[in-house]
Amino acid sequence: MASSNVTPYKIDVPDAAINRLKDKLAVSDLPDVVDFSNDWAYGAPRDDIQRLAKYWQHGFDWRAQEAKLNAELPQFKTTVNVEGFGELNIHLVHKKSPRSGSVPLLFCHGWPGHFMEVAKILPLLTEARGGPSFHVVAPSLPNYAFSDGVQKRGFSIPQYAEVCHKVMLSLGYDKYVTQGGDWGYWITRMMGALYPTHCLASHVNMVGATKPPSLTRNPLIYIQDKLTALGSHGNEFRQRSEWFQNEGRGYNVEQSTRPSTIGIALTDPVSLLAWIYEKLHDWTDSYPWTDDEILTWISIYQFSTAGAAASVRIYYETTHAEVETTAKTRDYVPNVPLGLSYFPKDLVLPPLTWGRALGPVVYEKVHTSGGHFAAHERPEALVKDVKSMFEGGAKHVVAQFARETIAPGSKL
């Protein structure tokens with residue numbers, strides 16, 4: 001049964017916050033021009049940031065974008081109690097499919113993403129035609145968008161997993177499946193490890209396998225890895241992974257070691273713009289971003305409840321958590337069917353055999369285009385993967401929801 005503390009929500013950023021943003025933009029400055037000011041190898045181009053900051057101040061219509069988000073995304077808030085951290089108000093998107101027997105699916109974002117990533121896949125997943133259908137829930141993680149910030153240290157992957165699990169329970173979904181990338185990969189895998197009787201299957205579009213198969217744990221995959229290592233880790237995947245390791249991880253090191261320092265910088269809107277815009281460019285596969293799209297994405301960080309600084313703390317807390325805290329996400333997660341989708345401009349692209357050692361893999365797809373924000377860049381491809389997984393190796397999950405009387409979730 002759905003909880004009574006689930007209430008409708010509309011984004012309504014105070015006028016004072018919008019005016020404060022414009023005041024800050026009016027007095028912002030940029031470095032002097034040098035001959036490499038617009039070379040992507042050095043970071044976000046000066047001319048791009050200057051153009052976007054000027055448009056953000058004078059032309060960008062947040063109210064129009066806010067209204068669009070409110071019209072397209074049915075939003076709610078609920079309260080969950082996290083062990084050791086107390087109650088947190090959680091913002092979420094929740095759209096039910098009109099088809100009975102649809103599968104509850106939790107979509108989990110990462111950084112620098114947010115709930116808006118679900119917008120394009122929401123109608124495709126909930127539609128009653130074209131394979132399995134889903135009731136979709138996309139929470140804003142604590143410290144992101146319009147969810148509460150966390151005031152105490154130590155809030156790491158298990159706590160984010162607890163929040164997501166309890167959000168599903170609050171909506172009446174005692175059993176569900178998950179989909180995630182970036183931090184959503186780690187969080188949804190933790191959900192499978194901690195709540196295997198509730199989390200019935202998981203699909204991920206960033207495969208964060210960090211170690212080869214173990215001879216003792218995965219003997220058959222271990223042998224396969226030794227025999228086909230080169231074949232299961234193509235040159236394109238290897239080159240992209242090496243690029244990220246050598247040229248793209250600077251943000252990760254800073255956020256994992258000194259989140260408060262970069263957090264102070266991110267209170268300046270131009271700094272925030274440059275910090276995230278670089279990722280939107282570098283982590284996608286020639287995606288044609290519009291200025292409105294970029295600024296809507298970044299404005300959600302600018303206007304977030306806890307502030308942009310809060311969003312980067314997950315890096316520090318996870319890096320400094322005890323090893324056994326995060327080990328569950330790195331090892332084989334049994335009993336939870338797993339689907340893997342690889343996009344060539346993602347950040348972590350391990351050998352395919354490494355991914356197969358993460359759990360009972362029932363679906364695997366290697367794409368020829370697309371990047372890190374798959375739900376936003378390649379929504380049709382991602383949804384096709386999810387539906388194919390539940391039409392194939394995980395079809396028993398769909399059958400279970402079709403035949404069992406499971407709490408259908410809130411009528412909101």
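Entry on the model. I am working with a predicted model, in which local features need pLDDT of at least 70 and side-chain atom pairs count only at pLDDT 80 or more, while totals for chains, interfaces and linings use all residues. Residues are numbered from 1 along each chain as its sequence is written, and side-chain values use heavy atoms, with hydrogens and water left out.

Entry on the sheet. I looked up the strands (DSSP runs of E, at least two residues, numbered from the N terminus, as are helices, which are H or I runs of at least four). Two strands pair if DSSP finds at least two bridges between them. Nine strands form an open sheet with mixed pairing, in the order 1-2-3-5-4-6-7-8-9. At its edges I found strand 1 (7-9) and strand 9 (361-366), each of which pairs on one side only.

Entry on one pair. I followed strand 7 (residues 199-204) to strand 8 (residues 338-342), and these run parallel and are joined by three bridges. For S202, I noted L338 in strand 8 as the bridge partner.

Entry on the cysteines. How many disulfides (pairs of cysteine sulfur atoms within 2.5 Å) does the structure hold? I found zero. C108 is buried at 2%, and C164 is buried at 1%.

Note on methods: Disulfide = S-S within 2.5 Å. Buried < 20%, exposed > 50% of the residue type's maximum accessible area, 1.4 Å probe, protein only.
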